Amino acid sequence: MSKKLVKAIADMQEESALKQVNQMMADKVEPAVIMDDAMEAMEIVGQRFEDGTYFLPELMLAGEMMNQITEQVKPEMAKTPVTEPKGKILIGTVAGDIHDIGKNIVSFMLEVNRFEVLDLGVDVPPDKFLEAIREFKPQVVALSGFLTLAFDAMKETIEAIQGAGLRDEVKIMIGGGQVNEEINKYAGADAYGKDAMAGVTLAKKWIVAK
Amino acid sequence: MTENRSLKIIGEKINGARKRVIQAIEKRDTVFIQELAVKQVEAGAAWLDINAGTRQSVEPDDLVWLVETIQPVVEIPLCLDSANPQALAAAIQVVERAPMINSISGDPHRLQSILPLVAEHNCQVIALAMNGKSIPELSEQRLEIVHTVMQAVRASGVPDEDVYIDPLAMTLATNAKSALITLETMRAIRQEFPDVHLTLGLSNLSFGLPARSYINRVFLVLAFAAGLDSVILDPLDREVRATLVAANLILGQDRHCLEYTRAFRAGLFNTSGATTGVS
């Protein structure tokens, strides 16, 4: 075990983190142990983001380090499969809206936190969501939108999910722009996330709870 | 940069994406909208961007109401901000001064439905360097779209000097080269289409970063030097305005430095004054 790795990632020391991983692999440390350290560091980064110490670039860099480390340990992992994806999340920007910066960040953060993410892109009509829910079978659906118009599209999408009898199959989170508790109620979602970390926290809560 | 290219402001505050504005539109709050218009003009806006939100069914009525509400209290042209040709056509019927249209892009549908309006009513038009839904990462790809757009613009009879190209400034937090890409695109457009104008919206650039005003201001100055001659922003932001006045002076756009000294006498550089216009 190595708290050095946790500290390097949490303190944004990219080179040192990757070096540390190499060293650990040379020392025959279990890949699962390395990944646990990395996840522990991600938690710290997430907390620092939430409390305003870190900002979006640090969150992105942490995600990139996570990806690089995963790539590095993958060959070893294959021999001893340990980490199943935590769960499946369907995400997309709702019909009529083409904003994707926030959605892409949420997608990325969910992926580095070990969720299997299916991203439907932007301007996604309700029936595309329905189709994907049936085929991909996610536990969580994440609807993104920036425009005020998106709030109506979120509501329509959630109504369509309800109408198709799939509402009890999924938890639904919304996010983007000026989304707040009021919009959450209006759209009929289960919760809203104010940023990418909030999305990750919700997903963890829901999927672990299941 | 010897010709006159002082940086003009397109005031962004009347936008239906802002909660207070959409409420004012729904309640037909004439006083709120007129005040917001006048304040921006007093702060030096050369155009007022007018965005009625995106509820398709009511957008034409809302946009017409905004135009009719704002026009009596300002003397500058409006910038009609909508992707909906019906809303634009309705608003154009009631505008007094030829407006700017915000916006077209490389999206063929948007070119076909909006360019004829621009040509027929002698409007100016903002053209985004993107296709339907995606913003290309590389400068060369954005330039390619600009070529497509300019071909369509010229074919429709709109003169180059009525076109304001927005090369798009993306989020630095997710790509630290994004501002450089924007500047590179601007220089290339300047070279190939010397008569078009350049414009920019700044909302994406500093997203997710602290102390955003510093990023916006420094970028604005660099973009100005690269040929930017208009910008979509909040003219009530004193720090940005002060920066623009100084940049105009440094780039040779302020004869006898009068704009600068006047701004000083008017208190624009008083750092003690609270910055207004948090958007």
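In chain A, 16 residues of domain 1 are in contact with 12 residues of domain 2, contact meaning heavy atoms within 4.5 Å. The model is a predicted one, in which local features need pLDDT of at least 70, side-chain atom pairs count only at pLDDT 80 or more, and totals for chains, interfaces and linings use all residues. Residues are numbered from 1 along each chain as its sequence is written, chains are lettered from A and ligands numbered from 1 in the order in which they are written, and side-chain values use heavy atoms, with hydrogens and water left out.

Domain 1 covers residues 2–77 of chain A and domain 2 covers residues 88–209; the bounds come from an automatic or database domain assignment. The C-alpha centres of the two domains of chain A lie 27 Å apart.

## Where the domains of chain A meet

The area buried between domain 1 and domain 2 of chain A is about 1,100 Å², and carbon and sulfur atoms give 70% of it. Buried area here is the accessible area (1.4 Å probe) that two parts lose on being put together, summed over both. Between these domains of chain A the count is 2 salt bridges, a salt bridge being a side-chain nitrogen of Lys or Arg within 4 Å of a carboxyl oxygen of Asp or Glu. The side chains of A:Lys194 and A:Glu50 form a salt bridge, at 3.9 Å from N to O.

On the domain 1 side, the elements that give two or more residues are α3 (31–50) and α4 of chain A. Helices (H or I, at least four residues) and strands (E, at least two) are DSSP runs, numbered from the N terminus. The most comes from α4(A), with 9 residues. By class, this side of domain 1 has 9 nonpolar, 4 polar and 3 charged residues. In these classes, Ala, Val, Leu, Ile, Met, Phe, Trp, Tyr, Cys and Pro count as nonpolar, Asp, Glu, Lys and Arg as charged, and the others, Gly among them, as polar.

## Where chain A meets chain B

Between the chains, 16 residues of chain A are in contact with 18 residues of chain B. The buried area is about 1,500 Å², of which 63% is given by carbon and sulfur atoms. The count of salt bridges between chain A and chain B is 1; B:Lys19 and A:Glu182 meet through their side chains in a salt bridge, at 3.7 Å from N to O.

There are also 2 residue pairs in polar contact between chain A and chain B, with both residues at pLDDT 80 or more. On the side of chain A that touches chain B, α4 (56–79), α5 (101–112) and α7 (148–163) of chain A are the elements that give two or more residues. That side has 10 nonpolar, 3 polar and 3 charged residues.

## Salt bridges within the chains

Over all chains, the structure holds 16 salt bridges. One of them joins the side chains of A:Lys155 and A:Glu159, at 3.7 Å from N to O. Both residues lie in helix α7 of chain A, 4 residues apart, about one turn of the helix. A:Lys155 is partly exposed, with a relative accessible area of 25%, and A:Glu159 is partly exposed at 45%. The terms follow relative accessible area: buried is under 20%, exposed over 50%, and partly exposed in between (1.4 Å probe, protein chains only). A:Lys194 is exposed at 63%, and A:Lys194 forms a salt bridge with A:Asp195, the closest N and O atoms being 3.2 Å apart.

In chain B, the side chains of B:Lys13 and B:Asp234 meet in a salt bridge, at 3.2 Å from N to O. B:Lys13 lies in strand β1 (residues 8–15) and B:Asp234 in the loop between β8 (230–233) and α9 (238–250) of chain B, so the pair ties together parts that are 221 residues apart in sequence. B:Lys13 is buried, at 4% relative accessibility, and B:Asp234 is buried, at 5%.

## A glycine in chain B

B:Gly106 is in the loop between β4 (100–104) and α5 (108–120) of chain B. B:Gly106 counts as buried, at 9% relative accessibility. Leaving aside neighbours within four places in sequence, the residues in contact with B:Gly106 include B:Leu111, B:Leu128 and B:Ile145.

Conventions. Polar contact = N/O pair within 3.5 Å; in protein donor to acceptor, adjacent residues only side chain to side chain.
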